[in-house]
Amino acid sequence: DIAGLVKGASKGEGLGNKFLENIRRTDAVIHVVRCFDDPDIVHVEGGCDPARDIEIIDLELIMADMEVLERRIERVKKAAKGGDKKLLREAETLESLLAHLNGGKSARSWDATEDEFAVAAESDLLSLKPVIYAANLDEAGFSDPESVAYYRQVEERAAEQGAQVIPVCAKLEAEIAELDGEEKKMFLDDLGVAESGLDRLVKASY
């Protein structure tokens with residue numbers, strides 16, 4: 001469980017490198033995105049805007065990946081000075097990915113072959129990791145996420161990356177966690193949902 005990051009994390013702002021190193025050790029990323037307005041809950045950017053919040057995280061991960069790739073390309077090119085065709089192809093592949101990242105797009109959305117992705121995977125890139133968006137809604141929104149414009153923003157961004165979106169309501173999840181068996185089922189029935197956000201998130205993670 002990692003705290004959110006701020007603009008400039010790839011340059012050391014906020015938790016900076018510690019945040020990025022924590023993500024580097026994960027197999028996948030669950031990005032919790034706020035999808036409700038509440039004047040009593042402060043937002044670091046001043047207000048709710050899921051598309052902006054996702055972009056901030058994505059760009060920080062992409063910039064960190066670009067630094068990693070630039071260093072690797074430099075090493076590969078030095079090693080390929082003797083004309084090693086395999087290394088020259090590797091450098092070409094990495095430069096193609098670097099150009100893609102430079103357009104503000106994650107490594108996940110790179111249009112490449114399986115072999116090219118295998119080359120990229122050796123760099124343990126942050127924006128190549130699978131991602132699930134947990135759209136954190138209020139109670140009303142959780143019962144009907146598609147009616148919430150903020151939720152649809154998250155869906156739109158996820159579709160661009162081939163990622164999943166799971167609606168959750170942190171407040172309700174805290175209440176559900178206190179219930180057992182039949183009580184939990186009755187609570188969910190009252191909400192008009194088949195299973196809790198956490199249950200859906202666990203399934204999506206697997």
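This tour moves through a predicted model of a protein, one selection at a time.

**The whole chain**

Begin with the complete protein in a cartoon display. Nine helices and three strands make up its secondary structure. Followed from the N terminus, the elements run α-β-α-α-α-β-α-α-β-α-α-α. The protein has 206 residues, and buried residues account for 42% of them. Of the contacts between residues at least 6 apart in sequence, 61% join residues at least 24 apart.

**Arg 34 and Phe 36**

Select Arg 34 and Phe 36 and show their side chains. Arg 34 lies over the face of Phe 36, and the distance from the ring centre is 4.9 Å.

**Cys 48**

Proceed to Cys 48, in the loop that runs between strand S1 (29-34) and helix H2 (50-79). Is Cys 48 buried or exposed? Its relative accessible area is 14%, so Cys 48 is buried, the cut-off for buried being under 20%.

**Helices H2 and H6**

Next, select H2 together with helix H6 (residues 149-161). The axes of these two helices come within 8 Å and cross at roughly 35°. On the H2 side, display Pro 50, Ala 51, Ile 54, Glu 55 and Asp 58; these meet Tyr 150, Gln 153, Val 154, Arg 157 and Gln 161 of H6. The residues of this contact comprise five nonpolar, two polar and three charged.

**Helices H3 and H4**

Turn to helix H3 (residues 85-102) and helix H4. Two packed helices are described by the angle between their axes and the distance between the axes. Here the axes come within 10 Å and cross at roughly 85°. H3 and H4 are therefore roughly perpendicular to each other. To view the contact, select Glu 90, Thr 93, Leu 94 and Leu 97 in H3, and Glu 116, Val 119 and Ala 120 in H4. Four of the residues in the contact of H3 with H4 are nonpolar, one is polar and two are charged.

**Glu 90**

Remain in helix H3 and centre the view on Glu 90. Which residues does Glu 90 contact, leaving aside its neighbours within four places in sequence? They are Arg 72, Val 76 and Val 119. With a relative accessibility of 17%, Glu 90 counts as buried.

**Ser 123**

Select Ser 123, found in the loop between helix H4 (114-121) and strand S2 (131-136). Ser 123 also counts as buried, at 10% relative accessibility. When residues up to four places away in sequence are not counted, Ser 123 touches Val 68, Leu 69 and Arg 72.

**The aromatic pair**

Finally, consider the aromatic rings. How many aromatic pairs does a search of the whole structure find? The search finds one. Select Trp 110 and Phe 117 to see this pair, which is edge-to-face. A pair of aromatic rings is described by the distance of the centres and the angle of the planes. For Trp 110 and Phe 117, the separation is 5.2 Å centre to centre, with 70° between the planes. A surface display shows the exposure of each partner. Trp 110 counts as buried at 7% relative accessibility, whereas Phe 117 is partly exposed, with a relative accessible area of 24%.

Technical notes
Residues are numbered from 1 along each chain as its sequence is written. This is a predicted model: local features need pLDDT of at least 70, side-chain atom pairs count only at pLDDT 80 or more; totals for chains, interfaces and linings use all residues. Side-chain values use heavy atoms; hydrogens and water are left out. Helices (H or I, at least four residues) and strands (E, at least two) are DSSP runs, numbered from the N terminus. Buried means under 20% relative accessible area, exposed over 50%, partly exposed in between (1.4 Å probe, protein chains only). Contact means heavy atoms within 4.5 Å. Axes are lines fitted to C-alpha atoms, for helices over the stretch in contact, and angles run from 0 to 180 degrees between N-to-C directions. Angles under 35 degrees count as roughly parallel, over 145 as roughly antiparallel, 65 to 115 as roughly perpendicular and the rest as oblique. Ala, Val, Leu, Ile, Met, Phe, Trp, Tyr, Cys and Pro count as nonpolar, Asp, Glu, Lys and Arg as charged, and the others, Gly among them, as polar. Rings of Phe, Tyr and Trp (its six-membered ring) pair if their centres lie within 6.5 Å; planes under 30 degrees apart count as stacked, over 60 as edge-to-face and the rest as tilted. A charge sits over a ring if NZ of Lys or CZ of Arg is within 6 Å of the ring centre and within 35 degrees of the ring normal.
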